[in-house]
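Keep the 3D view open as you read.

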Amino acid sequence: MVAWHLAFWSFTCIRLSDMNLTETNTSQELLAERIRRKTARVGIIGLGYVGLPLAVEFARAGFEVIGLDVQEGKVAAINRGESYVQDVPNSILKPLVESGRLKATADFSIVSELDTINICVPTPLRKTKDPDMTYIVAAGEEIAKYAHPGLLVILESTTYPGTTDELLLPMLEKPGFKVGKDFFLCFSPERVDPGNPRFQTMNIPKVVGGVTPACTEMGVLFYSQALETVVPASNARVAEMVKLLENTFRMINIGLVNEMALMCDRMGIDVWEVIDAASTKPFGFMPFYPGPGLGGHCIPIDPFYLSWKSKQAGIEARFIELAGYINGNMPRFVVDKIQNALNAQAKPVRDSHIHIVGVAYKRDIDDVRESPALDVIHLLQQLGAHVTYSDPLIPKIRVDGGGELHAEPLALAVADADATVVITDHTSFDYEMIAYRAKLIIDTRNAFKHFKQTNIVRL
Ligand SMILES: NC(=O)c1ccc[n+]([C@@H]2O[C@H](COP(=O)([O-])OP(=O)(O)OC[C@H]3O[C@@H](n4cnc5c(N)ncnc54)[C@H](O)[C@@H]3O)[C@@H](O)[C@H]2O)c1
């Protein structure tokens with residue numbers, strides 16, 4: 001046994017000296033070489049809105065990519081070359097699958113054959129607004145089972161600062177298996193903006209910070225092979241905080257402008273005109289717009305990861321709590337507006353037909369997660385209204401306590417409704433037709449900016 005070790009050791013030394021390497025940087029150099037040559041096998045855990053576009057980008061760059069997901073349906077769809085993510089067209093996915101560059105599996109034993117792994121699993125909030133880390137932990141446990149020397153692991157799920165160092169690292173590091181030497185661990189925030197035709201995974205600058213400088217180096221090298229711009233951060237905590245700053249910035253500014261909308265409403269001022277005029281200032285102002293409330297997987301959730309962590313550090317995140325409170329009350333404000341507008345026509349909300357136009361959480365996307373439309377519909381149903389909706393991108397929705405609703409044909413529903421409420425201003429809606437047919441319009445997005453009808457009530 002000892003002899004075998006000695007033989008192996010001298011063999012390794014000869015190979016290393018041939019390559020001008022030392023024993024201490026073996027894993028790093030070998031991995032770096034595979035990444036540079038694009039012979040590294042890339043694994044992506046979690047094939048959703050973030051993971052699938054990333055997998056596609058690395059496959060397009062010439063890597064062999066293996067996607068891992070716990071949903072067998074998604075695995076099967078990818079292996080058929082069928083995309084379920086709006087930003088990934090079948091015309092791009094299918095050839096990658098057919099050529100063998102991209103495949104999917106639910107079998108985590110493949111990790112033992114991978115060189116790199118990006119974790120793109122969900123990070124929701126619990127009802128108590130505490131982080132739900134179960135998905136990251138589950139992914140970490142699977143990686144730990146099959147981890148091997150020379151593995152690069154990058155967490156991309158949005159999370160609180162310290163997750164990579166405090167949660168993932170202890171799951172992976174073992175005696176004789178040291179971070180920065182035997183394996184590499186980074187955090188890189190995902191900034192994808194679904195439905196944005198200009199900025200997609202490939203051309204959104206990618207921030208990456210490693211647990212050690214060698215980890216950062218490896219993360220930068222990896223992303224540089226497929227993405228246009230890579231921005232190194234000095235460590236994983238900085239990279240984690242970058243994402244939270246970006247999303248908290250948005251959330252608080254939206255909270256501010258929503259509060260501005262409430263003030264303007266009370267004072268009889270058109271908040272949309274105020275924002276447009278303020279936007280003419282060529283410096284020091286950036287427009288944000290009010291709306292029916294926050295939606296999506298990021299802006300309503302991520303800042304609470306930060307406030308949870310900062311509470312542990314003894315600092316109350318007061319801006320976050322306040323903006324969360326204001327934004328969280330916007331659906332209620334919209335319902336009050338609807339009620340007041342109907343009352344002004346001597347029509348009680350109970351038994352009125354209210355048609356919601358657009359339920360996705362933002363324009364031109366097919367995602368209904370955390371959408372304020374769901375809250376508005378729920379509140380209206382509680383008041384006894386008959387609620388219908390139209391959305392070309394969302395065929396059906398599930399509402400708290402109200403069961404399932406199916407999308408209705410827009411023109412017929414608008415003509416029938418006592419009030420038509422624009423929650424999501426998809427570009428494909430025929431606003432001329434809506435303005436012509438609707439009895440009463442409540443517009444939460446300024447979609448009817450250029451319409452002069454008196455039956456339009458703006459936020
Ligand atoms: N959607 C966005 O616009 C966006 C933008 C930036 C950051 N993020 C962040 O990226 C992360 C992923 O978000 P998403 O929108 O892609 O979520 P998603 O729900 O669309 O996709 C997550 C995928 O992970 C899979 N999954 C869950 N647990 C798993 C496990 N243990 N092993 C393998 N697969 C598992 C799910 O089945 C799902 O397919 C979240 O932290 C989110 O906050 C999302």
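Predicted model: local features only at pLDDT ≥ 70, side-chain atom pairs only at ≥ 80, totals over all residues.

## The ligand and its shell

Tyr 49 brings a backbone N or O atom to 3.1 Å from an oxygen atom of the ligand. Thr 158 also uses a backbone N or O atom, and here the gap to a ligand oxygen is 3.0 Å. With His 297 it is the side chain that takes part: one of its N or O atoms sits 3.2 Å from an oxygen atom of the ligand. How much of the ligand does the protein bury? On its own the ligand exposes 820 Å², and 94% of that is buried by the protein.

## Aromatic pairs

The structure has eleven aromatic pairs. One of them joins Phe 58 and Tyr 223, whose ring centres are 6.3 Å apart with 55° between the planes, and this pair is tilted. Phe 58 belongs to helix H3 (residues 51-60) and Tyr 223 to helix H8 (residues 213-224), so the pair ties together parts that lie 165 residues apart in sequence. Both Phe 58 and Tyr 223 are buried.

Then there's the pair made by Phe 429 and Tyr 431. Its ring centres are 6.2 Å apart and the planes meet at 85°, so this one is edge-to-face. Phe 429 has a relative accessibility of 7%, so it counts as buried. Tyr 431 is buried too, at a relative accessible area of 13%. Going back to Phe 58 and Tyr 223, they share one aromatic cluster with Phe 63 and Phe 222.

Ala 32 is part of helix H2, which covers residues 26-37. Is it buried or exposed? Ala 32 is buried, because its relative accessible area is 5%, and the cut-off for buried is under 20%.

What does Ala 32 touch beyond its neighbours within four places in sequence? The contacts of Ala 32 are Met 218 and Leu 221. Leu 221 is 189 residues away from Ala 32 in sequence, yet their C-alpha atoms are 7.4 Å apart in space.

## Asp 182 in its loop

Asp 182 sits in the loop that runs between helix H7 (163-172) and strand S6 (183-187). Asp 182 has a relative accessible area of 12%, so it counts as buried. Its side chain reaches the backbone nitrogen of Lys 178 at 2.6 Å.

Leaving out residues up to four places away in sequence, Asp 182 touches Ser 27, His 148, Pro 149, Gly 150, Leu 151, Gly 176 and Phe 177.

## Gln 339, out on helix H13

For Gln 339, go to helix H13, residues 330-344. Gln 339 is partly exposed, because its relative accessible area comes to 24%. Apart from residues up to four places away in sequence, Gln 339 touches Val 349 and Leu 383.

## Two positive phi angles

Which backbone spots deserve a quick look? Lys 38 has a phi near 65°, a positive value in a residue other than glycine. You'll find Lys 38 in the loop between H2 and strand S1 (41-45). Its relative accessibility is 29%, so Lys 38 counts as partly exposed.

Glu 370 is not a glycine either, but its phi is positive at about 60°. The loop that holds Glu 370 lies between strand S9 (353-357) and helix H14 (372-382). At a relative accessible area of 45%, Glu 370 is partly exposed.

Technical notes. Residues numbered from 1 in each chain as written. Heavy atoms only, no water. Polar contact = N/O pair within 3.5 Å; in protein donor to acceptor, adjacent residues only side chain to side chain. Areas by Shrake-Rupley, 256 points an atom, 1.4 Å probe, with all protein chains shown as cover. Helix = DSSP H or I, 4+ residues; strand = E, 2+ residues; numbered from the N terminus. Buried < 20%, exposed > 50% of the residue type's maximum accessible area, 1.4 Å probe, protein only. Contact = heavy atoms within 4.5 Å. Phe/Tyr/Trp six-rings, centres within 6.5 Å; stacked < 30°, edge-to-face > 60°.
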